[in-house]
Amino acid sequence: MSETTQQLILWLIPVAPLLSAVITGLFGPGILRYRSHLPCWAALAVSFVCSLILLLKILPGVETGALTNAVENAATAENTSLQLADKPEVIATGYQWLHVGSISVDVQLRADSMTAIMLSMVTGVSLLVAMFGSGYMHHDPGYPRFFAAVSLFVFSMCMLVLAGSFLMLFVFWEAVGLCSYLLIGFWFQKPSAAAAAKKAFVVNRIGDFGLIMGMFLIWQTSHNDAYPFLSLNFSDIFGNPELLQQIAAAQPERVKLICLCLFLGAMGKSAQFPLQVWLPDAMEGPTPVSALIHAATMVTAGVYLVARCTPLFVLAPDAQLVVTGVGATTAAISALIGLTQTDLKRVLAYSTVSQLGFMFMALGCGAAGPALVTPAVTAGMFHLFTHAYFKALLFLAAGSVMHAMGDVIDMNRFSGLRKALPITHWTFLFGAAALAGVPLMAGFWSKDDILAVLGEASQSEKYGSFFSIIRYVAMGTAALTAFYTFRAYFKTFWGPEKFPEEAGHHPHDASLVMAIPLGVLAACSVLVGLAFGPTHMFAGTLQRIQGLTLIDPSQQHLHWGVMAVSAVIAAVGIGGAWFFYVANPKLPGTIAGALKPFYAASTGKFYLDEIFTGLIVIPLYLTAKICVLFDRFVIDGIVDAFGAVPKMLSAIPRHLHSGIVNNYAGVMWAGVVAAVVLVLSIF
Amino acid sequence: MIPLLFLSLAAPFITALLLMLFRSSLNQQSARLLALGGSLATLVLAAILSSQYYSGAVRPLESSGTPLTSSADETSAIRPKVEFRQPWLSLGGDAEHPEVKFEMYFGLDGISVAMIALTALLTVSSVLISWESISDRASEFYASVMILEAGLIGVFCAFDIILFYVFFEMTLIPLFFMIAIWGGPDRRRAAIKFFLYTLAGSLITLSGLIGLMVYTSGEGLATPSSLPALSSWIAAHPIEKSLQVTLFLAMSAGFLVKVPVFPFHTWLPLAHVEAPTAGSVLLAGVLLKLGSYGFLRMCLPMFPEACVDIGLPVIGLLSVIGIIYGSLCALAQRDIKKLVAYSSVAHLGFCMVGLFALNTEGLTGSVLQMINHGLSTGALFLIVGMVYERYHTRMLDDIGGLAQRLPLIAVCMVFIAMSSIGLPGLNGFVGEFLSLAGMFRQDPLYAALATTGVVLGAWYLLTAVQHAFFGKLREPHGHHGDHDTITDLKPREFVALAPLVILCLWIGIRPATLIDLIEPDVKAVADIYTKTTDAGAQ
């Protein structure tokens with residue numbers, strides 16, 4: 001494939017959705033109206049095909065073929081070209097975006113295997129969600145707006161993973177945040193949606209603060225106090241591992257700080273404790289949006305960032321421990337909250353947060369030893385990959401339930417839907433099985449990889465005990481996951497058939513345009529794990545990026561022991577759910593009554609929102625009020641006091657200007673007398 | 001290009017003159033048409049000026065025209081590429097007193113071209129937004145707007161101290177009248193406070209300027225009022241440090257009030273709240289930048305040591321406080337215009353942070369921030385004005401869910417809010433990021449504190465958007481009958497707002513165009529400081 005064709009294909013991936021966004025944005029409301037999905041579908045299909053070509057054709061070709069355009073930094077070291085030989089990347093440069101002083105950032109697309117995997121996942125899931133969305137959103141007055149925003153989102157997300165520098169990544173990191181804001185607040189008439197949109201944006205900004213500081217720190221990091229990077233390009237920063245190692249040896253604290261700052265950014269976007277507060281509220285958006293942005297793609301951007309920065313994180317074991325620790329805390333807490341929620345979408349939202357925690361748990365395992373870095377990152381990214389399919393599926397199925405139930409999503413108000421909504425029921429079941437980790441399903445393989453990596457990490461000398469705790473937390477959380485997922489499943493689809501009033505008399509199952517995406521995703525939930533996990537196809541592709549070493553598949557073995565354990569875990573969780581919600585439906589209420597404080601804490605989401613409000617929001621508003629008072633009475637008071645000085649000085653002389661002519665005449669008379677006396681006394 | 005420059009300076013003057021001469025025979029309609037014509041003519045002239053400058057100075061090789069060069073020598077940090085010099089007074093000339101010459105020095109460099117274009121653009125928007133809201137004494141009002149425009153353009157093309165100061169003060173008077181005559185209920189107090197506060201500051205600045213001229217002429221500089229000459233002379237004969245500090249502080253006074261830097265900002269919210277929309281747009285959009293522009297032209301090239309020793313730690317700190325404090329004050333406001341006014345304090349804080357980073361990144365960011373703030377805050381005031389015109393309220397508690405009634409205005413509001421928040425891809429981000437990056441090189445702690453403003457900025461502005469435009473529709477009582485007559489964005493308002501929106505997007509996507517224009521001039525100033533730090537390191 002010629003270089004021009006390669007570049008064209010690379011450009012088409014983001015540009016097609018951008019064009020669709022512009023076309024839909026400009027002509028949607030006036031001309032396209034309820035045909036607004038057409039440009040979006042077409043663009044996403046183009047992007048998806050191009051991503052597949054990139055993944056399957058271009059990148060494997062680069063390895064053997066012309067590497068010249070990829071080797072920009074070949075001059076730095078002789079062995080760089082050797083390293084790059086099995087780390088293929090394609091670069092397409094657009095234009096100089098920002099070129100000031102020592103900051104130089106181009107609009108540039110840079111694709112390596114991790115990017116290509118992300119791209120095919122993002123564009124594939126978006127295409128399915130867009131199909132589903134056209135059925136789900138039909139007759140909504142905001143139809144064109146929805147597809148314009150979705151297209152814009154896919155463009156931004158593609159650019160985010162295609163970014164070749166931290167600044168470009170940040171630009172689109174914010175752009176996906178904007179799309180998230182616009183789509184959460186899609187039904188802006190609802191006060192709760194408007195509030196949730198703002199909350200998502202502001203909480204994300206807290207993370208962005210970290211990301212900005214991380215970028216500045218990297219940009220100004222110097223070696224031997226002489227040579228700052230003065231660059232934000234991945235190739236300059238990650239391309240020279242020896243230099244990085246020297247820097248880390250000389251300034252370990254700085255590297256740690258950089259990693260923690262970057263991780264703060266990741267925590268915001270990927271909703272990790274304590275910044276997870278925005279994600280459950282984000283469910284105010286239309287359900288396809290929850291599936292696409294708040295489950296499959298955007299929220300994984302943080303995981304992607306940490307995985308991308310592996311060369312930095314391996315140099316800061318402390319930071320990696322923080323990553324794992326935060327991930328484990330998040331996973332456990334949100335799984336516990338998920339146990340008692342009655343809103344189906346919120347259960348799924350908490351499970352998303354929890355699964356993201358799993359990914360971070362895996363990513364930090366490199367702290368236990370350099371040999372574990374590659375398996376750790378591979379496990380985390382693999383879970384990201386499989387999770388995207390089954391979680392998108394679950395959300396879309398929940399959307400289908402919501403569609404049929406007249407926008408009711410409270411599980412107490414409906415049950416026994418398996419007869420009325422067979423397609424939804426079966427697809428949801430596949431998704432739930434994948435999430436619960438039923439053997440052979442997608443989630444089983446990826447969760448297994450994570451547990452296996454944690455298991456190996458717990459053997460390490462230095463941090464062994466830390467990782468063993470994490471490992472047990474992970475196992476417990478996995479059991480909880482199976483339990484709450486199937487609790488939701490049983491509560492929704494089993495039991496006596498019950499519909500809310502809003503649903504009307506005959507709730508209808510998903511229409512064809514909604515059923516197809518559900519079916520495809522259900523198939524993916526079964527297959528992606530089996531196809532790419534045990535075959536090492538995923539690992540073999542992913543490991544061709546900077547910072548990872550390619551592990552020979554023959555050295556890899558399946559972790560039979562771990563698999564057996566996790567099969568048991570899944571069985572226990574699902575069996576428990578069956579026992580409580582199908583066999584003995586009265587029991588949960590009794591238990592909830594017996595364990596009242598815990599139950600209240602869990603339904604109250606551990607009061608995290610309240611704590612967040614109490615610790616941050618209210619003090620900030622109080623400070624703001626104080627500032628306003630201070631401004632008015634102290635600062636402006638001083639100004640007014642200065643303004644009063646001339647008035648005070650004039651207080652006495654002012655009385656002389658009384659305006660009474662008699663007084664003036666009297667003074668004049670006295671003056672004349674005085675003058676006469678003076679004159680006379682002289683002569 | 002010089003005739004063009006004088007034409008664009010004269011056009012608003014002539015318009016104002018016509019408006020005043022025929023004020024008795026002009027009704028509202030003819031007055032606003034005349035003002036629109038005058039401001040459009042100025043805009044066209046400014047546009048031609050910028051494009052000629054761009055092809056002559058930035059891209060000389062690609063155009064057939066002769067490249068523009070400066071008469072100022074290489075050592076000067078201020079080098080106008082286009083200039084007009086006319087001596088008008090000379091003193092001394094005998095043995096005891098060396099000759100001292102004063103000249104009128106008009107010129108253009110990239111920064112002034114950008115600021116002039118911004119002024120011309122915002123004036124057109126201001127005229128359009130006053131179209132219906134100003135009916136009383138319309139011709140005097142538009143005359144004030146045009147005089148203000150002339151004064152602002154004058155400041156940006158003045159390259160000698162006396163001319164600069166004359167124009168600098170000239171801008172006060174029309175705005176004073178705009179606030180005092182066409183303002184809100186508390187307009188008199190606001191106008192007087194605005195006038196006296198800024199005048200008091202700039203009188204101290206004047207003493208500093210005179211001090212600088214007296215000192216340099218005493219030391220043998222023949223043209224002490226010319227900025228390029230002063231700058232190159234000072235590069236060769238550094239001023240003694242204690243004197244630098246004295247003069248720096250004196251000159252800063254007026255600029256600090258004008259910007260305004262915390263704690264000299266209290267006139268601003270009052271003036272904004274009381275000013276008519278056009279006044280707010282020009283005040284926030286251009287007038288405040290006279291302060292930072294003054295620092296850039298007068299203080300940074302003249303007093304490098306004072307800037308490093310006092311400017312960076314003290315004014316830098318005050319600016320950082322201003323960012324946080326201004327954002328917090330904005331967060332607590334219920335009056336949306338006051339909220340935008342306080343947000344200006346925060347945004348100008350970013351501008352000053354970049355300025356006193358004293359390096360190319362920071363200075364470029366600072367100048368970008370001046371322009372970006374002009375565009376986005378100008379647009380914010382336009383939108384607030386549009387809402388006020390429809391509902392006669394600016395209180396967030398009175399309105400809500402307006403996106404249902406005014407969808408297009410809501411779209412513009414969200415767009416401009418994002419630009420103001422500093423969303424990458426729109427203009428605000430570029431300036432903020434470069435300013436912060438520049439400061440990070442000098443003082444990471446200041447930069448970190450200033451960056452919290454990024455979080456707070458999103459917080460207060462999105463809260464305002466949420467309250468006013470989202471949620472349930474809530475309109476003020478007493479207008480129930482005529483709610484159906486309330487229309488979305490009118491064509492006239494669209495014309496006022498659209499150029500700003502397009503520029504916000506364009507600068508965000510292709511900042512290089514603007515950066516290429518200003519960077520050489522910014523770099524000339526930054527080079528003084530790289531030399532200073534190099535000398536310090538050796």
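Predicted model: local features only at pLDDT ≥ 70, side-chain atom pairs only at ≥ 80, totals over all residues.
Residues are numbered from 1 along each chain as its sequence is written, while chains are lettered from A and ligands numbered from 1 in the order in which they are written.

**Exercise 1. Determine how α4(A) and α5(A) are oriented to each other, and which classes of residue make their contact.**

Step 1. Helices (H or I, at least four residues) and strands (E, at least two) are DSSP runs, numbered from the N terminus. Axes are lines fitted to C-alpha atoms, for helices over the stretch in contact, and angles run from 0 to 180 degrees between N-to-C directions.

Step 2. The axes of α4 (residues 113-136) and α5 (residues 143-162) of chain A come within 9 Å and cross at roughly 175°, and α4(A) and α5(A) are therefore roughly antiparallel to each other.

Step 3. Two residues are in contact if their C-beta atoms, placed from the backbone, lie within 7 Å. Among the contact residues are Thr115(A), Met118(A) and Gly133(A) of α4(A), and Phe146(A), Val150(A) and Cys158(A) of α5(A).

Step 4. Ala, Val, Leu, Ile, Met, Phe, Trp, Tyr, Cys and Pro count as nonpolar, Asp, Glu, Lys and Arg as charged, and the others, Gly among them, as polar. On that basis the contact of α4(A) with α5(A) has eleven nonpolar, four polar and no charged residues.

**Exercise 2. Check the span of α4(A) and decide how far its residues are buried.**

Step 1. The expected span of a helix is 1.5 Å times one less than its number of residues. For the 24 residues of α4(A) this should give 34 Å, and the end C-alpha atoms are 34 Å apart, which agrees.

Step 2. A residue is buried if 20 or more other C-beta atoms lie within 10 Å of its own, exposed if 12 or fewer, and partly exposed in between, with C-beta atoms placed from the backbone. Since 24 of the 24 residues of α4(A) are buried, this helix is largely enclosed by the rest of the structure.

Step 3. In chain A, buried residues make up 56% of the 683 residues. Gly504(A), in the loop between α20 (464-493) and α21 (512-532) of chain A, counts as exposed because it has 12 C-beta neighbours inside 10 Å.

**Exercise 3. Characterise the side of chain A that touches chain B.**

Step 1. Chain A brings 40 residues to the contact and chain B brings 43 residues.

Step 2. β1 (90-100), α6 (166-184), α7 (191-220) and α26 (608-649) of chain A each supply at least two residues of that side of chain A, to which α7(A) gives the most, with 14 residues.

Step 3. By class, the side of chain A that touches chain B has 25 nonpolar, eight polar and seven charged residues.

Note on methods: Parallel < 35°, antiparallel > 145°, perpendicular 65-115°, else oblique.
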